[in-house]
Amino acid sequence: MTPTRLHHLLDAAACAPGRIALVEGDETVTYAALRDRVAAMAGRLAGLAQGDRVAILLPKSVSECVAIFAASAAGATFVPIHPALRPRQVRHIVEDCGARALVTDAHHHAALEGALDDRSGLRILVDGEDHTERPGAGPAQPAPRDLAAILYTSGSTGLPKGVMLSHANLLAGTRIVRGYLGIGPEDRILSVLPLSFDYGLNQLLTAVEQGARLVLRNVRLGDDVVRAIEEHRITGLAGVPTLWTLLTRAAPRLGRADLSSLRYLTNSGGTLPLDTIGRLRRALPQADLVLMYGLTEAFRSTWLPPSEIDRRPDSIGRAIPETEIFALTPDGRRARPGEPGILHHRGPTVSLGYWNRPGDTARVIVPDPFPPAGREPGPVCRSGDLVVEDAEGFFRFLGREDAMIKTQGFRVSPGEVEAALMETGAFRAAAVIGLPDAGLGQRIHAVAVPAEGGRGTGEVLRHLREALAPHCVPRAIEEVAALPTTPNGKVDYKRLVAERVAAELANA
Amino acid sequence: MVQSASDVRQAILAFIAVRNPGLSPGSVTGETSLVTSDALDSIGILDLMLDLGERFGVEVDEDSFDLANFSSVDTLAHYIDDRRS
């Protein structure tokens, strides 16, 4: 039977009862045990209406995987929250999606410092136990049919927005990626990326779809990754540029360990510097390195087959299966080879848009500019990424059309960081930009005009660390007398970036 | 030895405190593991090593990131202390 809901993946014949599904530390969980735990958790979520949102605030763990499938089995929508977010961001997500339940553990519950205590109608389940009185049943906001998940991600402006993914979206993304990576039942996949990230979630889904094994690991050092590969004879590893930096520059065991089990590596969430590609290819010559590109709004869009990497290491590849990718010029033409345009995506992973934000959705999920003859235009995703296609149909990423920053695989809105800077009272004006960084993809750099009698740098940084998630804190705060502006009087972000990149090149 | 490494240890604890604004005093000690605790994430550890390298004039290279050096704050303090000029 073809699965139509996410939890149907667990019912496939491939997920034989005795096979190991998940490994966390010393704990192994078979598919039979995983199904039991999912059923038990789904029972605890009973009483939710179809499409009700279940926020999940857990570290990478078996419990987190269970909660994801249990939400689906209960007919609910799961909203995974990155476990390093500060109480303020967690509250934003829980409020924005109107969550009816939060699944968390004692550690993360305590770290919220009561930030959600005044939410009426929110059930808080801590380590499986209900910590709330029967909540007053507030009016439930209906969700689109088939809504499976809402993943929060930043844009160029405002607070993080929730991208709505249908069951069909997630199942298509699973099928497509499993297909081109050739994932099968004997694969042992290492999961180091957060499951709140569509690309990280994909390792869980592709493994379960094939009855394969997923090893969950929170890594801090490059050797953590090396040890996990050795101990579990890992065959597949998915990472973002930061992970490859750790592995190639800060993992003394990399050159000494037997990593011959590794069959493939995939990168997404930012461009990989050529130097890092070279180091990975030399250290792990038997492993295929697969470059991927995508945005949560359409899951993945392109992939570069590993046979092409030595020829075009700076390419993002071409369309993933079942999908068409094209670049559109500002006047709405299909860009010719060599001509820059905005990447558009047509296919089964185009999301349902943003939760509760029809205006933003209309800018990103647009009617197909080239609908098949005689048919109504379906939705396509307008990525906002500037790309160029070569004569053989391979794309290259040129940059964003807006000020959105991509760092460590995360998207960061400059506005959110600027707001936190201004809250300190230490600045009259602040602009936040992304500068190229070999390790991080981009690094966050703040340019600010100090206020009279403002607080010192130490106090400013303390406030930023309280207010922002770790990956959103600027790496440096540069003080200037005034910010450059465009003729329209807006801050000239392009000039701020260009000046600093030029200065770094001159000093290199 | 323990005495001379104590300034490195203080620098490590201060770095962790700045990175974790909500941390209650005393919850991270010399015995805290940097591998298994939540004191620092991977970028935090890279930053810490750069910071210690500059502060104490120690060359931080690939081998500095041996897991054994991070089994506790004190182990790392001794590693840096042994190498300072």
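# Close-up views of a predicted two-chain model

**View 1. Helix α5(A) meets helix α6(A).** Leu170(A), Gly173(A), Thr174(A), Val177(A) and Arg178(A) of α5(A) are in contact with Asn202(A), Leu205(A), Thr206(A) and Glu209(A) of α6(A). This contact contains three nonpolar, four polar and two charged residues. The model shown here, as in every view, is predicted. Two packed helices are described by the angle between their axes and the distance between the axes. Here α5 covers residues 167-181 of chain A and α6 covers residues 198-209. Their axes come within 9 Å and cross at roughly 75 degrees. Angles of 65 to 115 degrees count as roughly perpendicular, so α5(A) is roughly perpendicular to α6(A).

**View 2. Helix α5(A) from end to end.** The helix has 15 residues, which at 1.5 Å a residue should span 21 Å. The C-alpha atoms at its ends are 21 Å apart, in agreement with that value. Buried positions in α5(A) are His167(A), Asn169(A), Leu170(A), Leu171(A), Ala172(A), Gly173(A), Thr174(A), Ile176(A), Val177(A) and Leu181(A). Just after the helix comes Gly182(A), with a positive phi of about 65 degrees.

**View 3. Domain 1 of chain A against domain 2 of chain A.** The domain assignment divides chain A into domain 1 (6-218), domain 2 (316-400) and domain 3 (407-507). The centres of domains 1 and 2 of chain A, taken over C-alpha atoms, are separated by 29 Å. Domain 1 brings 18 residues to their contact, and domain 2 brings 13 residues. On the domain 1 side, α3 (87-97), β8 (147-153), β9 (161-166) and α5 of chain A each supply at least two residues. Which element gives the most to this side? It is α5(A), with seven residues. By class, the domain 1 side has 11 nonpolar, five polar and two charged residues.

**View 4. Chain B against chain A.** The contact between the chains takes 17 residues from chain B and 18 residues from chain A. On the chain B side, the elements that give two or more residues are α1 (2-19) and α2 (42-56) of chain B. Of these, α2(B) gives the most, with four residues. The chain B side has 11 nonpolar, one polar and five charged residues.

**View 5. Phe69(A) and its contacts.** Phe69(A) sits in helix α2 of chain A, residues 62-73. Is Phe69(A) buried or exposed? It has 26 C-beta neighbours inside 10 Å, so it counts as buried. Beyond four places in sequence, Phe69(A) touches Leu6(A), His7(A), Leu10(A) and Val38(A). Phe69(A) and Leu6(A) are 63 residues apart in sequence, yet 6.9 Å apart in space, C-alpha to C-alpha.

**View 6. Ala420(A) in helix α11(A).** Helix α11 of chain A runs over residues 414-423 and holds Ala420(A). Ala420(A) is buried, because 23 other C-beta atoms lie within 10 Å. Setting aside residues up to four places away in sequence, its contacts are Leu464(A), Ala467(A) and Leu468(A). Between Ala420(A) and Val473(A), the separation is 53 residues in sequence and 9.5 Å in space, C-alpha to C-alpha.

**View 7. Leu48(A) in a loop.** Leu48(A) lies between α1 (31-44) and β3 (53-57) of chain A, in the loop that joins them. With 19 C-beta neighbours inside 10 Å, Leu48(A) counts as partly exposed. The cut-off for buried is 20 or more. Which residues does Leu48(A) contact, leaving aside neighbours within four places in sequence? They are Ala74(A), Ala76(A), Arg100(A) and Ala101(A). Ala76(A) is 28 residues from Leu48(A) in sequence and 7.0 Å away in space, C-alpha to C-alpha.

View 8. Most residues other than glycine have a negative phi. Glu113(A) is not a glycine, but its phi is positive, about 50 degrees. Glu113(A) belongs to the loop between α4 (106-111) and β6 (123-126) of chain A. It is exposed, with 11 other C-beta atoms within 10 Å. Phe299(A), also not a glycine, has a positive phi of about 60 degrees. Phe299(A) is placed in strand β15 of chain A, residues 299-304. There, Phe299(A) counts as buried, with 30 C-beta neighbours inside 10 Å.

Key. Residues are numbered from 1 along each chain as its sequence is written. Chains are lettered from A and ligands numbered from 1 in the order in which they are written. This is a predicted model: local features need pLDDT of at least 70, side-chain atom pairs count only at pLDDT 80 or more; totals for chains, interfaces and linings use all residues. Two residues are in contact if their C-beta atoms, placed from the backbone, lie within 7 Å. Ala, Val, Leu, Ile, Met, Phe, Trp, Tyr, Cys and Pro count as nonpolar, Asp, Glu, Lys and Arg as charged, and the others, Gly among them, as polar. Axes are lines fitted to C-alpha atoms, for helices over the stretch in contact, and angles run from 0 to 180 degrees between N-to-C directions. Angles under 35 degrees count as roughly parallel, over 145 as roughly antiparallel, 65 to 115 as roughly perpendicular and the rest as oblique. Domain bounds come from an automatic or database domain assignment. The expected span of a helix is 1.5 Å times one less than its number of residues. A residue is buried if 20 or more other C-beta atoms lie within 10 Å of its own, exposed if 12 or fewer, and partly exposed in between; C-beta atoms are placed from the backbone.
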